[in-house]
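Please read them with the structure open beside you.

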Amino acid sequence: MERRTRILLIAAVAVVALAGVAWGVSASGSVGFSQNVVIGYVDMQRALDAHPRKASAEEALNQFARAKMTEARQRAQGKPAVEQQRILREAQEQILRKQAELLTSLDRDIRAAVEKVARASGVSVVLNKSVVLYGGTDLTDAVIKELKAAK
């Protein structure tokens with residue numbers, strides 16, 4: 001799915017979710033305004049960039065990538081071009097899996113910090129900054145502070 005389409009889909013889902021939170025449906029089926037909803041947002045890219053373990057994760061990925069590519073080039077030497085391409089493609093896939101693994105770990109930390117900050121701030125819904133057009137409370141600095149404190 002194209003990045004722009006994904007962003008629009010996320011925004012649409014967020015709007016529907018917010019509408020559901022803002023308007024409650026009672027057991028009798030009547031619709032009424034529920035409790036105050038406080039919306040926050042986090043610049044997830046900025047939080048990722050500020051994560052205390054990001055540099056070490058990048059270094060680990062770079063070392064892994066160098067080792068995998070060196071190994072792949074050695075294994076590919078003297079083999080037919082098709083086999084060389086297959087070996088290099090496998091190495092690249094392993095590197096991408098390692099990258100996803102490292103990012104998942106960092107993302108998990110960020111999401112835990114977002115939840116902790118949101119609860120402490122009384123924020124009931126937190127969105128990614130990329131889907132916020134106007135309003136909301138920016139929690140990014142508090143999330144970054146929490147990440148650094150949890151080190």
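**Notes on the predicted model**

1. I39 has V125 as its bridge partner in β4. Strand β3 (residues 39-42) and strand β4 (residues 125-128) run parallel and are joined by four bridges, and β3 also runs parallel to strand β5 (residues 137-138), with two bridges between them. Two strands are taken to pair if DSSP finds at least two bridges between them.

2. A word on the basis of these notes: this is a predicted model, in which local features need pLDDT of at least 70 and side-chain atom pairs count only at pLDDT 80 or more, whereas totals for chains, interfaces and linings use all residues. Residues are numbered from 1 along each chain as its sequence is written, and side-chain values use heavy atoms, with hydrogens and water left out.

3. The chain has five helices and five strands, and from the N terminus on these elements follow the order α-β-β-β-α-α-α-β-β-α. Helices (H or I, at least four residues) and strands (E, at least two) are DSSP runs, numbered from the N terminus. Of the contacts in the chain with a separation of 6 or more, 70% are between residues 24 or more positions apart, a contact meaning heavy atoms within 4.5 Å.

4. Of the 151 residues in the chain, 26% are buried; here buried means under 20% relative accessible area, exposed means over 50%, and partly exposed lies in between (1.4 Å probe, protein chains only). The chain exposes about 10600 Å², with carbon and sulfur atoms supplying 55% of that area. The areas come from the Shrake-Rupley method with a 1.4 Å probe, and for residues only the protein chains shown count as cover.

5. The largest nonpolar core holds 17 residues, among which V42, A47, I110, V114, L139, V143 and L147 touch the most other members. The elements that give two or more residues to this core are α2 (44-50), α4 (81-121) and α5 (140-150), and the largest share, six residues, comes from α4. A nonpolar core is a set of buried Ala, Val, Leu, Ile, Met, Phe, Trp, Tyr and Cys residues joined through side-chain atoms within 4.5 Å. Leaving aside residues up to four places away in sequence, L147 touches A47, H51, P52, D109, I110 and A113. There is also a second, separate core of eight residues, which includes L61, A72, A76 and I87.

6. The buried residues of α4 are I87, A91, I95, L106, I110, A113, V114, V117 and A118, and what covers them includes β3, α2, α3, β4 and α5. After α4 comes G122, whose phi is positive, near 75°.

7. The structure holds 13 salt bridges, each defined as a side-chain nitrogen of Lys or Arg within 4 Å of a carboxyl oxygen of Asp or Glu. One of them joins the side chains of R46 and D141 (2.1 Å, N to O), and it links distant parts of the chain, with R46 in helix α2 and D141 in helix α5, 95 residues apart. R46 is partly exposed at 35% relative accessibility, while D141 is exposed at 52%.

8. Another salt bridge pairs R53 with D109, whose closest N and O atoms are 2.6 Å apart. This pair also links distant parts of the chain, since R53 lies in the loop between α2 and α3 (54-76) and D109 in helix α4, 56 residues apart. Both count as partly exposed, R53 at 36% relative accessibility and D109 at 26%.

9. Which residue forms a salt bridge with R111? The partner is D107, with the closest N and O atoms 2.7 Å apart, and because the two are four residues apart in helix α4, about one helical turn separates them. R111 counts as exposed at 51% relative accessibility, whereas D107 is partly exposed at 28%. Elsewhere, salt bridges that share partners join R75, E83, R86 and E90 into one network.
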